[in-house]
Amino acid sequence: MKINWKKWLGDYGLFLLASILILSGWEWIVRKGMIPSFILPSPSAIWLSLIENLQLLLAEHLPATLKEVLIGFGISLAGGLLVGVGMHFSRALEKVLYPFLVISQTIPMIAISPIFIMWFGYTIWSKIAVTILIAIFPIVVSTYDGLKTGGKEYKELLLTMGATRWTIFKKIQLPMALPSILSGLKMSVVYCVVGATIGEWLGASVGLGYFSRRMSGNLQADAVFAAIFLLSLMGIVLFLLISFIEKQLLKNIIRN
Amino acid sequence: MLTIENLTYAFEDNRPIFQNISIDVKAGEFVSVIGASGSGKSTLFKLITGLLDPDQGEIKINGNNSGSRLGKVGYMPQKDLLLSWRSVLENVLLPLEVSKKKSQLKIPEIREWLTRFGLAEVEKAYPDELSGGMRQRVAFLRTIMTGKDILLLDEPFGALDSLTKRNMHSWLLGLWGELQKTVLFITHDLEEAILLSDRIYLLGQETSREIKVSLPRPRKKELIYQSEFVTIRKELERLIQNEN
């Protein structure tokens with residue numbers, strides 16, 4: 001596949017230009033000594049710190065965080081779809097679960113996370129629990145709402161063909177809900193990175209969140225930023241991955 | 001084939017949109033229902049298909065009025081309702097998938113139908129690549145693929161421009177002989193109703209009047225310029241005037 005550079009430049013050129021300007025301005029301000037480097041390290045210092053700690057970060061901390069994110073996302077995906085579909089099929093289940101779901105999102109994550117540490121200890125499961133609590137909500141809501149939008153007229157047409165509820169779900173409602181579900185997944189996967197990081201801040205012995213917290217204790221702001229850079233990169237890559245899957249799946253659902 | 005006796009239906013708490021309607025369709029007939037907007041034509045179809053249940057009266061399909069009517073007749077709604085993520089062939093296969101028939105076995109037969117409907121070349125195309133007339137033909141073929149003998153067509157050509165509509169008329173008239181189906185057809189286009197039908201029901205609030213169209217078949221679209229046609233049309237217009 002040939003990349004169309006002209007189009008790429010048109011899409012991302014301005015963003016790239018702005019990034020270069022911001023980074024240069026940032027570098028200049030710090031070098032001039034206007035802001036002390038332990039408060040805001042210069043981009044070059046962050047880069048150097050990243051290179052310096054790369055071995056440690058890539059071999060130990062990044063895989064640990066990634067594992068939490070992936071397991072957390074996997075469980076959120078399965079659970080979210082199940083709950084979303086369940087709420088679609090059962091009005092009672094919807095009435096019971098929906099308020100709880102909303103309440104679960106109003107709980108300040110930082111406040112409840114220590115409880116997870118109490119329950120699950122310093123194992124990976126305390127981080128995964130925080131991750132799921134944050135990441136499952138967008139999946140449930142996007143699944144449930146997506147299934148609701150499935151056109152009434154199409155449903156009636158299939159009913160006249162003698163279709164069962166399950167057939168209508170499979171043939172009409174699920175394909176129609178797919179765009180919404182995939183938007184939910186894109187949001188959710190980014191939240192997973194946030195959740196895992198919060199989990200690690202509260203109690204962990206490995207992971208990018210743990211690393212950035214330790215470095216922050218040592219006033220090594222450049223290393224903190226290096227970890228943040230990797231976390232954000234991880235979020236972006238996961239987001240793009242889901243976007244790619246979305247494009248493949250929706251090729252024919254949203255044409256044009 | 002299809003018998004409707006003294007049918008009354010009202011939406012909740014409202015006055016009935018029709019009362020004591022009786023319609024009888026025999027096997028192999030093409031019968032149209034015309035009436036002004038809001039006279040309950042589409043509601044009548046929803047009652048026949050079983051999406052709604054009558055307040056009073058009976059609907060008999062093949063002499064049978066017991067059990068659910070869902071899945072007993074082929075229904076083609078006003079909008080084509082093609083699934084955008086399915087190709088023409090896959091859209092046509094939908095009724096077979098729903099009724100869990102082995103659709104693969106029928107593919108050669110369906111290809112034959114696609115050719116007859118002038119859709120063979122676009123078999124793999126998606127609905128958004130088709131013209132309005134083609135989309136309606138796909139929707140019509142999908143209705144035929146339900147395998148039911150009675151087809152209910154709800155203004156299938158209503159959304160088409162008049163030129164396309166004419167072409168669809170001649171196409172349908174040409175096809176009618178070999179189709180061997182029974183059709184109940186909703187329209188508000190008088191010309192269309194006379195050209196296509198054996199009989200026409202005029203749907204009013206309290207009665208349904210019946211008009212016979214005794215023009216010989218096979219018919220051609222040029223028929224609309226002949227005096228017998230014009231006479232029927234005048235009669236029909238007079239009846240509609242009286243209704244109001």
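Tutor: Start where the two domains of chain B meet. Six residues of domain 1 of chain B are in contact with five residues of domain 2 of chain B (contact: C-beta atoms, placed from the backbone, lie within 7 Å). On the domain 1 side, five of these residues are nonpolar, one is polar and none is charged. Here Ala, Val, Leu, Ile, Met, Phe, Trp, Tyr, Cys and Pro count as nonpolar, Asp, Glu, Lys and Arg as charged, and the others, Gly among them, as polar.

The model is predicted: local features need pLDDT of at least 70 and side-chain atom pairs pLDDT 80 or more, while totals for chains, interfaces and linings use all residues. Residues are numbered from 1 along each chain as its sequence is written, and chains are lettered from A and ligands numbered from 1 in the order written.

Now the domain bounds, which come from an automatic or database assignment. Domain 1 of chain B covers 1-73 + 149-164 + 175-244, and domain 2 covers 80-147. Their centres, taken over C-alpha atoms, are 25 Å apart.

Next, a sheet in chain B. Its three strands run in the order S2-S1-S4, open and antiparallel. Strands (E, at least two residues) and helices (H or I, at least four) are DSSP runs, numbered from the N terminus. Strand S2 (18-25) and strand S4 (56-61) of chain B each have a single partner, so one side of each has no neighbour in the sheet. From one strand to the next, the twist averages 15 degrees (axes are lines fitted to C-alpha atoms, for helices over the stretch in contact; angles run from 0 to 180 degrees between N-to-C directions).

Look at one pairing. Strand S1 (residues 2-9) of chain B joins S2(B) through five antiparallel bridges; pairing needs at least two DSSP bridges. Tyr9(B) sits opposite Phe18(B) of S2(B).

Then comes helix H1 (residues 41-49) of chain B. Among its buried residues are Leu44(B), Phe45(B), Leu47(B) and Ile48(B). Buried means 20 or more other C-beta atoms within 10 Å of its own; exposed means 12 or fewer, and partly exposed lies in between, with C-beta atoms placed from the backbone. Just after H1(B), Gly50(B) has a positive phi of about 100 degrees.

Finish with the partner chain. 18 residues of chain B and 17 residues of chain A form the contact. Helix H2 (residues 88-98) gives the most to chain B's side, with four residues. That side has ten nonpolar, five polar and three charged residues.
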